[in-house]
Amino acid sequence: VTMASRVVLSLALCAASAAAFHMSPAALSPSAFCGATISRKADSLVAAPRSRHCGPVMGANIRELRDRVTSVKNTRKITSAMRLVAAAKVRRAQDAVLKTRPFSETLQKVLGGLIVRLKRDNFESPLFAERAVSKVLLVIMTGDRGLCGGYNTFAIKKGEARIRELNAANIPFDLVTIGRKGTQYFGKRYNVVKSYSIGNSPTAAQATEISENLLATFLSGEADRVELLYTRFTSLIASEPSIRTMLPLSPTGIETEGDEIFLMTSKNGDFSVEKKVNAPPAPQVFPKDMIFEQDPEQILSAILPLYFNGQILRQMQESVASELAARMTAMQSASDNAKDLITDLSRQMNRSRQAAITQEIAEIVAGANA
């Protein structure tokens, strides 16, 4: 090994030591290694000050970015899992609706046939009685939990709009809330006479409890009209808050009410919804010589509350399906945003790593040239 090679090797080792201590390129001079300025004149030896500012520390920045990428990845796993859970619950709710559909169709046929037969007798039921509206009972359905996009917000805004209309018409009202989010909001602002939770899978027992309370309020004269605000399921990405008059019942509405079924399927790895519209069932035709063991009016009076109960259950199931679909959409959007954020943070981390490597190479080269 020649003397020139030894000198070059010594300079390279010194430059590497300087890079390890994060020395800036401006400080890469012989004084940085020896601690004193070397001059040809012995009387001009002056101590070189140590540089406190060593340039940007890239290692800490890279570690922070790496931690953020790991955190966002974990969040994305959670949102993806919540989306799949919501999809599974939508399918369970869908199966529950399909199981109750034969009973609902049969009930509607019998009810329609009785109404057609009793029209000739001018039958009047208290549930069909139209009264002058002096007070309204407004039933508002929301969700029990959040993280479902604007589902609860849209339902609350629709309820506020209806309340403003009632106030403008000087019509008193009471509220019944179904869902904890609606109870928390309206309970602090208006008179909420009753509140219920809706859960993820409404049952007939829940619907019976609610319908009995609404029927008792209407038949006792405490309210002249019962209106229900629920979220109508349109698609996986859209839902529409709607208001429906539940009491008094309309005979024409019972006879001509159709049915819509939404079936969630998975195609090419993506969830989709197929909509199927069923025509209203034809009223049951009773022979003229049919003899009823009970009076048809009594039968109709017993069936009407059962029909009303079925309508409440159906609206609750539709609102829950809308909430779960909104949660699926919100979690999908969150997962997509997390993916984009991971891409941006990874790109930024790679650029910082590249800048750190480039700076170290520049320091080594500057030390070798010095």
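Visitor: Setting aside its neighbours within four places in sequence, which residues is T79 in contact with?
Guide: T79 touches M331, A334 and S335, where contact means heavy atoms within 4.5 Å. Mind you, this is a predicted model, where local features need pLDDT of at least 70, side-chain atom pairs count only at pLDDT 80 or more, and totals for chains, interfaces and linings use all residues. Residues are numbered from 1 along each chain as its sequence is written, and side-chain values use heavy atoms, leaving out hydrogens and water.

Visitor: Why is T79 called buried?
Guide: T79 has a relative accessible area of 9%, and buried means under 20%, exposed over 50%, partly exposed in between (1.4 Å probe, protein chains only). So T79 counts as buried. T79 sits in helix α3, residues 58-118.

Visitor: And why is V365 called partly exposed?
Guide: Because its relative accessible area is 43%, V365 is partly exposed. V365 belongs to helix α8, residues 296-369.

Visitor: Which residues make the nonpolar surface patch of about 260 Å²?
Guide: That patch is made by I357, I361 and V365.

Visitor: How many helices and strands are in the chain?
Guide: There are 8 helices and 7 strands, being DSSP runs numbered from the N terminus: helices are H or I, at least four residues, and strands E, at least two. Of the chain's 370 residues, 36% count as buried.

Methods
Patch = residues over 30% accessible without salt bridge, like charges linked within 9 Å, V, L, I, M, F, W, Y side chains within 5 Å. Areas by Shrake-Rupley, 256 points an atom, 1.4 Å probe, with all protein chains shown as cover. Salt bridge = Lys/Arg side-chain N within 4 Å of Asp/Glu carboxyl O.
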